[in-house]
Amino acid sequence: MNLDAGMLLSAIPPAYTQFPPRSLYLHIPFCAGRCSYCDFFSVRSTAYPQAPYIDALLEQLRVWSSSCGTNSFDTIYIGGGTPSVLDKRSLEKLLTALSTYAAHGCEWTIEANPESLSEQFLEILAESGVTRLSLGIQTLSVEEWDLLGRIGSIAESRAALERARTYPFDLSLDLLVGIPHRPGMANFMTMAKTQLLTTLSELAPQVAHLSLYDLTLEYGTALEHRVKAGELSMPDADDLAELRLIADEFLESVGFYRYEVSNYARKGHECRHNAAYWNMEPYLGVGSGAVSTLHLRDPDNPSMLGSLLRMTGNIDLARYTDNPSTIPPNIERIDRNTALFEFLMMGFRTARGVDTKKIEALFGIRLFSILPRTLARWKSELVWRGDEVSLYPRNFDILNRFLVECMEELS
Ligand code: SF4
């Protein structure tokens, strides 16, 4: 079934969007290969034609943005997969079309991998208005690189970063911490600390933003099979906390601050697009497997205040390409309590914390009235700035315990 603009949301009665989304995510599901730890939705870039996919993506964007009452976005994020594997024609077509959706001052990010970051790719970005480049480096350690099964090489990563720095993009790097090791390695932590510090001290001075993610073992990945088979061991929670502390101290010493559990920036270079997710702003996601989250309101049903609509695009690429604007099979209505917990969970991941006024506006309730016990018990670990409350940044490691208490009190 194809839906025209307007039918999309009216097909989900009686709700409609309370706020039009101001952030746009586009998913490019192509990669040069499959990294050993990855369970993201992507296919080999040679396995599927790119041109029809880009046409479908733009058609979905046209229909869905119109349905949501917007044609202009403050942040645009092209992620994947690996957007830098797009061929010249597909990339130009995508970026030309997107430039008409970029609001004045739009933060416009694209992800890239070093081995496909060509001069031509960078020139097309610079001419199109892209403002931010996020490069997947992951590590500069040869041992860790081999375990991750990345395409390319460390030499290519260094060369790609050097190339990217000659363009006026705000540069961000993706790195991993907690990469597994061979079982029984007595000096594993000494090596892991050295590798982390070596990677950070070479890369941090060159950029303004770093995402440092804990490597998690995903079901069905090649890495998970190797860990299950006993060939590799994952670091435990204490090891991870020690590595994170080293990263925190080093990055702070060179001018970064940890503004979210996994993200560090120099002041003024925080990612606005990700902040929209953490602040529970509505966002539109287009492309196969992309997620959209919209705020719902029904004037005849006040209990809907604060509830969300979450839609995940069809991950069957052929079906998606044939009918890009069809209502996806996966639509989730998130009730107010669940949405409220999500709001707290996302907000407390950030150094800024949660905005209590926004809770009142979105959910019609006051934080003190729903979490009196937890707020009192954790008083010494919380910092208040006017209407905003957060955990002290040094307390990110107790985030999970704090959130469990929030959840228990909410329920
Ligand atoms: S490049 Fe990124 S999305 Fe593609 S397989 Fe590797 S980790 Fe996954």
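Trainee: Where does glutamine 138 lie?
Mentor: Glutamine 138 lies in strand β7 (residues 132-138). Helices (H or I, at least four residues) and strands (E, at least two) are DSSP runs, numbered from the N terminus. Keep in mind that this is a predicted model: local features need pLDDT of at least 70, side-chain atom pairs count only at pLDDT 80 or more, and totals for chains, interfaces and linings use all residues. Residues are numbered from 1 along each chain as its sequence is written.

Trainee: What phi does glutamine 138 have?
Mentor: General idea: most residues other than glycine have a negative phi, and most peptide bonds are trans. Glutamine 138 isn't a glycine, yet has a positive phi of about 70°. Methionine 280 is another non-glycine with a positive phi, about 60°; methionine 280 sits in the loop between α10 (272-278) and β12 (283-286).

Trainee: Why does glutamine 138 count as buried?
Mentor: A residue is buried if 20 or more other C-beta atoms lie within 10 Å of its own, exposed if 12 or fewer, and partly exposed in between, with C-beta atoms placed from the backbone. Glutamine 138 counts as buried because it has 25 C-beta neighbours inside 10 Å. Methionine 280 is buried too, with 24 other C-beta atoms within 10 Å.

Trainee: Which two residues does the cis peptide bond join?
Mentor: Glycine 80 and glycine 81, with omega about 25°. Glycine 81 is in the loop between β5 (73-80) and α3 (88-99).

Trainee: Which residues are around the ligand?
Mentor: We call a residue near a molecule or strand if its C-beta atom, placed from the backbone, lies within 6 Å of it. Here the residues around the ligand include Gly80 and Gly81, along with Cys31, Arg34, Cys35 and Cys38. For classes, Ala, Val, Leu, Ile, Met, Phe, Trp, Tyr, Cys and Pro count as nonpolar, Asp, Glu, Lys and Arg as charged, and the others, Gly among them, as polar. The shell has four nonpolar, six polar and one charged residues.

Trainee: Which residues touch the most other members of the largest nonpolar core?
Mentor: In soluble globular proteins, nonpolar side chains tend to be buried together. A nonpolar core is a set of buried Ala, Val, Leu, Ile, Met, Phe, Trp, Tyr and Cys residues joined through C-beta atoms within 7 Å. The largest one has 90 residues, and Ile76, Leu135 and Leu210 touch the most other members. Helix α2 (residues 50-67) supplies the largest share of this core, seven residues.

Trainee: How is the protein chain divided into domains?
Mentor: Domain bounds come from an automatic or database domain assignment. Here that gives domain 1 (7-275) and domain 2 (336-411), with C-alpha centres 28 Å apart. Five residues of domain 1 are in contact with seven of domain 2, where contact requires C-beta atoms, placed from the backbone, within 7 Å. On the domain 1 side, strand β10 (residues 257-260) gives the most, three residues.

Trainee: In what order do the three strands form the open sheet?
Mentor: Two strands pair if DSSP finds at least two bridges between them. The order is β16-β18-β17, with antiparallel pairing. The edge strands, each pairing on one side only, are β16 (354-355) and β17 (382-385). Four bridges join β17 to β18 (residues 388-391), and tryptophan 384 has valine 389 as its bridge partner in β18.

Methods: Two residues are in contact if their C-beta atoms, placed from the backbone, lie within 7 Å.
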